[in-house]
Structure formats: C-alpha cells, structure tokens
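Please examine the sequence and the predicted model shown below.

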Amino acid sequence: WYYFKPSSLRTTNTINGSIEITSFPIPVNDVLTINISGIEEVNGTIQVMDMNGKLLVRLSMSKPTQTIDMSNYASGLYFLRYKDADGRTGTVKVVKE
C-alpha cells in the first residue's frame, strides 16, 4: 500500500518517444507547472481547454518549464495541449480542485 500526497502526483505524456510533457501538482489548486523534456529547444504553444474542448488560454512556451495560474478556473477536468514549430503535439489531463 502506498500513500501519495496530491502535490506529489504528476501527469505525463510521451510524444513519439522523444518529448515528455509533465504537469504538476495534480490536482492543482492555484499554480500548475508544465515541463517539456526530451528535446533541445522548446518553441511552441500551450493551450488550456475545458472538458468540452473550449479554448480558455493559449500561451507561448520558449523555456522547458512554464507555470499557469489556474486559481480562477472552476473545479473540474482540463486538457493542456502542447504544439511546437516542428508539428509535434501532445495532451495531458489536469484536475483542478
């Protein structure tokens, strides 16, 4: 039996075996951290969408780590989609408390 604090959980998605998108903490209350690894240069966008696919915000991402303030979002399930200049995309699910 294992016990994990909610702040220690992460959501990860590996794209084409090379890019890894990690978001934490899960569930998020205020600030969500997104990390992109497995590529030399991060140059893309992050889209935050609700459960219905409605685009809530689009942010440029030029560093491996980005934070998003989710304190004003309602509780529920959200999707973060990363897309870079080379056409690589990936999506992770985020739970907001």
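## Salt-bridge network

Asp84, Asp86 and Arg88 are linked in a network of salt bridges, a salt bridge being a side-chain nitrogen of Lys or Arg within 4 Å of a carboxyl oxygen of Asp or Glu. The side chains of arginine 88 and aspartate 84 meet at 2.7 Å, N to O. Arginine 88 also forms a salt bridge with aspartate 86, and here the closest N and O atoms are 3.0 Å apart. By this rule the count comes to 2 salt bridges. Side chains of opposite charge can pair when their charged atoms come close.

Arginine 88, at 22%, is partly exposed, whereas aspartate 86, at 62%, is exposed.

## Basis of the model

This is a predicted model, in which local features need pLDDT of at least 70 and side-chain atom pairs count only at pLDDT 80 or more, while totals for chains, interfaces and linings use all residues. Residues are numbered from 1 along each chain as its sequence is written, and side-chain values use heavy atoms, with hydrogens and water left out.

## Overall composition

The chain has 0 helices and 8 strands; helices (H or I, at least four residues) and strands (E, at least two) are DSSP runs, numbered from the N terminus. Of its 97 residues, 35% count as buried. The chain exposes about 6000 Å², and carbon and sulfur atoms supply 48% of that area, as computed by the Shrake-Rupley method with a 1.4 Å probe; for residues, only the protein chains shown count as cover.

Contact means heavy atoms within 4.5 Å. Among the contacts in the chain with a separation of 6 or more, 45% are accounted for by residues 24 or more positions apart.

## The four-stranded sheet

An open sheet is formed by 4 strands in the order E5-E4-E7-E8, with antiparallel pairing; two strands pair if DSSP finds at least two bridges between them. Strand E5 (55-61) and strand E8 (89-96) stand at the edges, each with a single partner strand, so one side of each is left without a neighbour in the sheet. The twist averages 20° from one strand to the next; axes are lines fitted to C-alpha atoms, for helices over the stretch in contact, and angles run from 0 to 180 degrees between N-to-C directions.

Within this sheet, strand E4 (residues 44-49) and strand E7 (residues 76-84) pair in the antiparallel sense over 6 bridges. Glutamine 47 stands opposite arginine 81 in E7.

## Strands E3 and E6

E3 and E6 are paired in the antiparallel sense over 5 bridges. Leucine 32 has isoleucine 68 as its bridge partner in E6.

Isoleucine 68 lies in strand E6 (residues 65-69) and counts as buried because its relative accessible area is 4%. Leaving aside residues up to four places away in sequence, isoleucine 68 touches Asp30, Val31, Leu32, Ile34, Ile46, Val48, Leu59 and Leu80. Isoleucine 34 is 34 residues from isoleucine 68 in sequence, yet the two are 7.9 Å apart in space, C-alpha to C-alpha.

Threonine 33 is found in strand E3 and, at 14% relative accessibility, counts as buried. Beyond residues up to four places away in sequence, threonine 33 touches Thr22, Ser23, Phe24, Thr65, Gln66 and Thr67.

## The nonpolar core

A nonpolar core is a set of buried Ala, Val, Leu, Ile, Met, Phe, Trp, Tyr and Cys residues joined through side-chain atoms within 4.5 Å. The largest has 19 residues, of which Leu32, Ile34, Ile36, Leu80 and Tyr82 touch the most other members. Strand E2 (19-24), strand E3 (31-37), E4, E7 and E8 are the elements that give two or more residues to this core. Isoleucine 36 touches Ile19, Glu20, Ile21, Val42, Met61, Pro64 and Tyr82, not counting residues up to four places away in sequence.

## Cis peptide bonds

Most peptide bonds are trans. A cis bond, however, joins phenylalanine 24 and proline 25, with omega about -5°. Another cis bond joins isoleucine 26 and proline 27, where omega is about -5°. Proline 25 is found in the loop between E2 and E3, and proline 27 lies in the loop between E2 and E3.

Conventions: Buried means under 20% relative accessible area, exposed over 50%, partly exposed in between (1.4 Å probe, protein chains only).
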